[in-house]
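Morning, everyone. Please bring up the sequence and the model, and we will get going.

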Amino acid sequence: MRALLMHDPTAGSGHHSREELLGHLDAAGFSTRYISTDDDDYKTALAEGDAEIVIVAGGDGTVGKIARNIPNRKVTMAILPLGTANNVARSLGIKGEPEALIRGLRDAPSKILDVGCATGPWGSWKFLESVGWGALAKVVDTGVSDEDDDMDPETKIARGRELFAETLEGAEPSHVSFEIDGHRIEGDFVFVEILNIGMTGPRVMISPSAETGDALLDVVYLPAARKQEMIDWLRSSPDETPIPLTEIKAKTATLLWKDGPLRVDDETFDAPDKEAEVCVAIEPHRLHVCVPATGD
């Protein structure tokens with residue numbers, strides 16, 4: 001089977017080398033072309049379309065980067081999660097070490113992964129995770145400090161969640177208006193997230209009922225009155241207790257954006273000079289992602 005391996009060599013602190021991954025793929029019977037996602041020609045390699053499977057080795061940023069640029073979404077995609085949060089892989093049920101995942105690729109079933117599109121002052125931008133305004137967008141914009149780069153992933157996730165809680169503590173609510181399938185909602189909110197998958201940011205399951213291939217958005221928002229409840233949730237057991245937010249499913253969502261940063265996945269945009277509409281929907285053509293069983 002012809003494979004195109006798109007690899008972020010810095011993911012996972014560089015612990016999974018080109019040679020290691022190619023060795024595992026060769027042992028599993030793949031004829032593999034290697035492209036580093038640091039190379040400028042990765043889009044050209046995707047456009048050539050001669051691979052039967054596109055394998056993405058990296059974190060959420062790399063997965064999104066490749067997914068946005070695959071011209072033929074009928075080609076099967078696979079993910080080797082090498083990042084910190086790995087929100088996309090986790091939402092699909094993909095977990096395990098690269099060697100085990102590669103061994104299971106040939107016979108693996110696939111799942112549908114929707115691709116969202118956000119249109120605003122910047123033009124149109126495809127996304128896999130979320131379009132967000134407010135406190136979580138500020139966390140993504142700030143990111144972890146350079147001092148955190150050497151932390152193990154679980155410590156870094158805990159630090160990211162604490163940064164989210166600290167950002168919420170200092171966040172002032174704004175009056176926000178948005179429409180969900182034509183139904184208008186407005187009020188004083190601390191954040192609004194319009195999601196394609198349920199998990200985002202520092203591995204926060206912010207919309208537990210979200211599905212990767214239901215062709216629907218999941219909209220969650222935090223009213224000012226529930227800010228402390230959200231902070232307490234982040235600092236308790238967010239992997240084990242229900243999130244204190246309401247989820248609304250929708251085909252389309254439109255946010256009236258006037259202040260604060262807004263993010264589309266890990267890309268952040270500064271506030272516009274004047275109020276602008278941000279229109280969000282799921283694209284009709286979807287990705288097909290292998291989900292190998294590893295026994296983990």
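This is a predicted model: local features need pLDDT of at least 70, side-chain atom pairs count only at pLDDT 80 or more; totals for chains, interfaces and linings use all residues.

Start with helix H7, residues 153-170. H7 has 18 residues. From first C-alpha to last, H7 reaches 26 Å. That is close to the 26 Å expected at 1.5 Å a residue.

Next, its partner. Helix H6 covers residues 135-142. The axes of H6 and H7 come within 9 Å. They cross at roughly 130 degrees. That angle makes H6 oblique to H7. The crossing is right-handed.

Who makes the contact? From H6, we have Ala 135, Leu 136, Lys 138 and Val 139. From H7, we have Gly 160, Leu 163, Phe 164, Thr 167 and Leu 168. Sort the residues of this contact by type, and you get 6 nonpolar, 2 polar and 1 charged.

Now, which residues of H7 are buried? Take Lys 156, Ile 157, Gly 160, Arg 161 and Leu 163.

Last stop, helix H3, residues 60-69. Its buried residues are Asp 60, Thr 62, Val 63, Gly 64, Ile 66 and Ala 67. What covers them? The cover includes helices H2 (42-48) and H4 (87-92). It also includes strands E1 (2-7), E3 (53-58), E4 (76-81) and E19 (287-290).

Terms used. Residues are numbered from 1 along each chain as its sequence is written. Side-chain values use heavy atoms; hydrogens and water are left out. Axes are lines fitted to C-alpha atoms, for helices over the stretch in contact, and angles run from 0 to 180 degrees between N-to-C directions. Helices (H or I, at least four residues) and strands (E, at least two) are DSSP runs, numbered from the N terminus. Angles under 35 degrees count as roughly parallel, over 145 as roughly antiparallel, 65 to 115 as roughly perpendicular and the rest as oblique. A crossing is left-handed if the near helix is turned anticlockwise from the far one by less than a right angle, and right-handed if clockwise. Contact means heavy atoms within 4.5 Å. Ala, Val, Leu, Ile, Met, Phe, Trp, Tyr, Cys and Pro count as nonpolar, Asp, Glu, Lys and Arg as charged, and the others, Gly among them, as polar. The expected span of a helix is 1.5 Å times one less than its number of residues. Buried means under 20% relative accessible area, exposed over 50%, partly exposed in between (1.4 Å probe, protein chains only).
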